[in-house]
Amino acid sequence: MIQIDDKLISEEIFSEEFVCNLTKCKGACCVEGDVGAPLDKNELEILDSIFDKIKPYLTQEGIKALEEQGTWTTDPHDGMYVTPMVENRECAYVTFDEKGITKCGIEKAYEDGAVDWQKPISCHLYPIRVTEYSAFTALNYHEWNVCSDACTLGKELQVPVYKFLKTPLIRKYGEEFYNVLSGAADEWKKEYGS
């Protein structure tokens, strides 16, 4: 683990390579899994406030799920905040293009300027999973078989996880943190990299 301020960062964020390959996986991360995407507490109010603006970007099934369950819910296993799901399948905020590839309805609204919030940070940061503890925050690499094509493409293009996630890492923690992280990655690579 590497420590930067109150954050403990898994070295896999430097060593693993990753680039989303939507043409292969079709956005399976938005469809697979037992629960919706993790949400930060501050994101709950945002979801409530933007619902009417993002509705035109969602599927009828997604709208129905959100109207029945609310714009967010809790994981029955651990009580964490998560996005609702459509009949225990896809995230209620997901849409599908003509090729069957998923897209976040919130992000589509953001791209059109309908809202000024891009999407839940946990989605933007994936495959990094953030866990908040009382004394520190852990940033860990999450390995999931639905992302095997992303790992293959990342290796092919030689893009480490932290570089692939530069924009969301800056969104969450700021540019100064990212610069320190990037410097730590360079030092780690000199010592442990191939």
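**Close-up 1. Helix 10 gives the second largest pocket the largest share of its lining, 4 residues.** This is a predicted model, and the view sits on that pocket, with a volume of about 350 Å³. Count up the lining and you get 13 residues, with F14, E17, P160, W188 and K189 lying nearest the centre. Sorted by class, the lining comes out as 5 nonpolar, 4 polar and 4 charged residues.

**Close-up 2. Helix 3 has a kink centred on D48.** The helix runs over residues 41-54, 14 residues in total. From first C-alpha to last it reaches 20 Å, close to the 20 Å expected at 1.5 Å a residue. The kink itself is about 35°.

**Close-up 3. Here is the buried side of the story for helix 3: E43, L44, L47, I50, F51 and I54.** An α-helix has 3.6 residues a turn, so residues three or four places apart point the same way. What covers these buried residues includes helix 4 (60-69), strand 4 (81-82), helix 5 (105-111) and helix 6 (121-125).

**Close-up 4. V82 has its place in strand 4.** Its relative accessibility is 5%, so V82 counts as buried, the cut-off being under 20%. Leaving out residues up to four places away in sequence, V82 touches V35, G36, A37, P38 and L39, and also W72, T73, T74 and D75.

Notes:
Residues are numbered from 1 along each chain as its sequence is written. This is a predicted model: local features need pLDDT of at least 70, side-chain atom pairs count only at pLDDT 80 or more; totals for chains, interfaces and linings use all residues. Side-chain values use heavy atoms; hydrogens and water are left out. On a 1 Å grid over the protein atoms alone, a cavity is a set of points where a 1.4 Å probe fits but cannot get out, and a pocket is an open set with protein on both sides within 12 Å along at least five of seven lines; lining residues have an atom within 4 Å of a point. Grid points are joined across faces, edges and corners, and a volume is the space filled by probe spheres set on the points. Helices (H or I, at least four residues) and strands (E, at least two) are DSSP runs, numbered from the N terminus. Ala, Val, Leu, Ile, Met, Phe, Trp, Tyr, Cys and Pro count as nonpolar, Asp, Glu, Lys and Arg as charged, and the others, Gly among them, as polar. The expected span of a helix is 1.5 Å times one less than its number of residues. The bend at a residue is the angle between axes fitted to the seven residues ending there and the seven starting there. Buried means under 20% relative accessible area, exposed over 50%, partly exposed in between (1.4 Å probe, protein chains only). Contact means heavy atoms within 4.5 Å.
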